[in-house]
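The stops below are given in the order in which they may be selected.

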Amino acid sequence: MGCATGTLKVTLCILNILSTILGIYVILFGALGWGAMPQIYAIGIIALGLVLVLISFFGCFGTLRESPRILWTYIVFLLILLILVVVFMLISKPDVFKKYALEGVEYHWKKELKKSGAMDTIQTTYSCCGRNSPEDYITIQRLPPASCCVDHNCINPLNLYITGCLAKVENSFSDEEIIMKYNEWGLIGFDIIILVIATVLAIHYTNRRRRYSY
């Protein structure tokens, strides 16, 4: 059992390091996407990342110390995390980010009608032009701004983005929703693998401590 235990110990440490990296990535995703999603979701994502990092450190510490008590506590934390992720998947609306982004386009287009430049960031980010098409600017008696063109170069008419921002954002988030679903299931699978390994080690260290206590 010694060799197998050592292998599981090293594997669990490596998985916890990967979990720490994943947690940092989740924190950055929530922070960088703060303005692109409802704040309650951004806060939840950042909190999830922080929990992942803290639990991972806790798991590494318990594994290296070979402490059954710490490992069992770690397992409880993992179960709670797993339940929270599943609950989040069940109660969250799959198109919440897309709806928020589309509302953002509508909001900034209304601002564009009053003050030129309000749509620049969206048009540059999504490579789009206007609310529905570049003709929206013609309708309000303006030329499409530089943000409507590749590399902000509108000298060549072929550089003009011909797709409106509503359509571009909707298509973009339709693809991202599928990716997010895969990420959520991947996180659950990753958590289950760590949970199984941690449970095996916790049982082993508990039994070993019992044998030594006799």
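Is Cys129 buried or exposed? Cys129 is buried, with a relative accessible area of 0%; buried means under 20% relative accessible area, exposed over 50%, and partly exposed in between, with a 1.4 Å probe and protein chains only. The model is a predicted one, in which local features need pLDDT of at least 70 and side-chain atom pairs count only at pLDDT 80 or more, while totals for chains, interfaces and linings use all residues. Residues are numbered from 1 along each chain as its sequence is written, and side-chain values use heavy atoms, with hydrogens and water left out.

**Stop 1: the disulfides**

Select the cysteines. A search of the whole structure finds three disulfides, a disulfide being a pair of cysteine sulfur atoms within 2.5 Å. Counting bonded cysteines along the chain, the pattern is 1-6, 2-3, 4-5.

Begin with Cys129 and Cys148, whose sulfur atoms are 2.1 Å apart in a disulfide. Cys129 lies in the loop between α5 and α6 and Cys148 in the loop between α6 and α7, so this pair ties together parts that are 19 residues apart in sequence. Helices here are DSSP runs (H or I, at least four residues), numbered from the N terminus. The torsion about the S-S bond of Cys129 and Cys148 is about 85°, so the disulfide is right-handed. Cys148 is buried as well, with a relative accessible area of 0%.

Next, select Cys128 and Cys165, which are joined by a disulfide with an S to S distance of 2.1 Å. Cys128 is in the loop between α5 and α6 (135-139), and Cys165 is in helix α7 (residues 165-213), so the link ties together parts that are 37 residues apart in sequence. The link of Cys128 and Cys165 is right-handed, with 85° about the S-S bond. Cys128 has a relative accessible area of 0% and is buried; Cys165 is buried, also at 0%.

The remaining selection is Cys149 with Cys154, a disulfide whose sulfur atoms are 1.9 Å apart. Its torsion about the S-S bond is about 105°, so the disulfide of Cys149 and Cys154 is right-handed. Cys149 is buried at 3% relative accessible area, whereas Cys154 is partly exposed at 33%.

**Stop 2: Gln123**

Move to Gln123 in helix α5 (residues 120-126). Gln123 is buried, with a relative accessible area of 0%. Leaving aside neighbours within four places in sequence, Gln123 is in contact (heavy atoms within 4.5 Å) with residues including Cys128, Cys129, Cys148 and Cys165.

Which side chain makes a polar contact with the side chain of Gln123? The partner is Tyr137, at 2.6 Å. A polar contact is a pair of N or O atoms within 3.5 Å; within protein, one must be able to donate a hydrogen and the other to accept it, and residues adjacent in sequence count only if both atoms are side-chain atoms. The side chain of Gln123 also reaches the backbone nitrogen of Gly130, at 2.9 Å.

**Stop 3: Cys13 and Cys60**

Select Cys13 and Cys60. The sulfur of Cys13 has its closest cysteine sulfur in Cys60, 4.8 Å away, which is too far for a bond. Cys13 is buried, with a relative accessible area of 14%, and Cys60 counts as buried at 16%.

**Stop 4: helix α2**

Finally, select Ala42, which is found in helix α2. Ala42 is buried, with a relative accessible area of 0%. At the end of α2, select Glu66, which follows the helix and has a positive phi, near 55°.

Notes
Helices (H or I, at least four residues) and strands (E, at least two) are DSSP runs, numbered from the N terminus.
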